[in-house]
Amino acid sequence: MSERVMIRNAQASDVGLLHQCLVALAKDTGSALQLRSTPDDLLMHGFRDNPAFEALIAEISGQFAGMCITFQSFSTWRGEIGIYVQDLYVEKAFRGQRTGEALLRAAAARGSSRGATHMRLSVDVANSGAQAFYNRLGLAQCLDEQIHMISGSAFHAFADTLQKRS
């Protein structure tokens, strides 16, 4: 790495940049049509009292290089606090310079300073490059788990079922 990666906490003024990264990440993974969040959503949920997420920004020589969005989690089985990496994005010009690694290490350090003992994330099954990157860093695939999800109108119908029974 020729230049040192500087990591800083994202500010409310960074929401446009964070959202641009999410758009680029969605395009890179072939998921552009699935992205529905807006900069206003990021501002409303990430930059308030008790934010739903936190973000780190990586800069190299004063230029934006990448970002990492995380939130605190809790493992009831471990009885321990963890952090969940929701999104990691590195600009193409800064890939291969350990920018993503620096962001993940900074996120881990921040979590550790707050009592976290583990880091989790999910990766698209078709993204073999990301899988190799995470494996190289020691973030092993959990073979004993699968992610299941319900969202949108199906989620609301599922949630409303209890109210209709009352």
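## Cysteines and burial

A residue is termed buried under 20% relative accessible area, exposed over 50%, and partly exposed in between (1.4 Å probe, protein chains only). Cys21, at 2% relative accessibility, is buried, and Cys68, with a relative accessible area of 0%, is buried as well. The structure is a predicted model, in which local features need pLDDT of at least 70 and side-chain atom pairs count only at pLDDT 80 or more, while totals for chains, interfaces and linings use all residues. Residues are numbered from 1 along each chain as its sequence is written, and side-chain values use heavy atoms, with hydrogens and water left out.

A disulfide is defined as a pair of cysteine sulfur atoms within 2.5 Å; by this rule the count is 0. The closest cysteine sulfur to that of Cys21 belongs to Cys68 and lies 11 Å away, which is too far for a bond. Cys68 is likewise in no disulfide, its nearest cysteine sulfur being that of Cys21.

## Nonpolar cores

A nonpolar core is a set of buried Ala, Val, Leu, Ile, Met, Phe, Trp, Tyr and Cys residues joined through side-chain atoms within 4.5 Å. The largest has 17 residues, of which Cys68, Leu88, Leu103 and Leu104 touch the most other members. At least two residues each come from β2 (54-60), β3 (63-75), β4 (80-90), α3 (99-113) and α4 (128-137), and β4 contributes the most, with 4 residues. Here helices (H or I, at least four residues) and strands (E, at least two) are DSSP runs numbered from the N terminus.

With contact taken as heavy atoms within 4.5 Å, and residues up to four places away in sequence not counted, Cys68 touches Glu54, Ala55, Leu56, Val85, Asp87, Leu88, Leu103, Leu104 and Ala107. A further core of 15 residues lies apart from the largest one; Leu22, Phe53, Ala55 and Ile69 are among its members.

## Sheet and packed helices

Strands pair if DSSP finds at least two bridges between them. Five strands form an open sheet in the order β1-β2-β3-β4-β5, with mixed pairing. Its edge strands, β1 (5-9) and β5 (116-121), each pair on one side only. From one strand to the next, the twist averages 30 degrees. β3 and β4 run antiparallel and are joined by 10 bridges; Ser73 has Gly82 in β4 as its bridge partner.

Angles run from 0 to 180 degrees between N-to-C directions, with axes fitted to C-alpha atoms, for helices over the stretch in contact. Helix α1 (residues 15-28) packs on the sheet, touching β2, β3 and β4, and its direction makes about 75 degrees with that of β4. Helix α3 also packs on the sheet, touching β1, β2, β3, β4 and β5, at about 155 degrees to the direction of β4.
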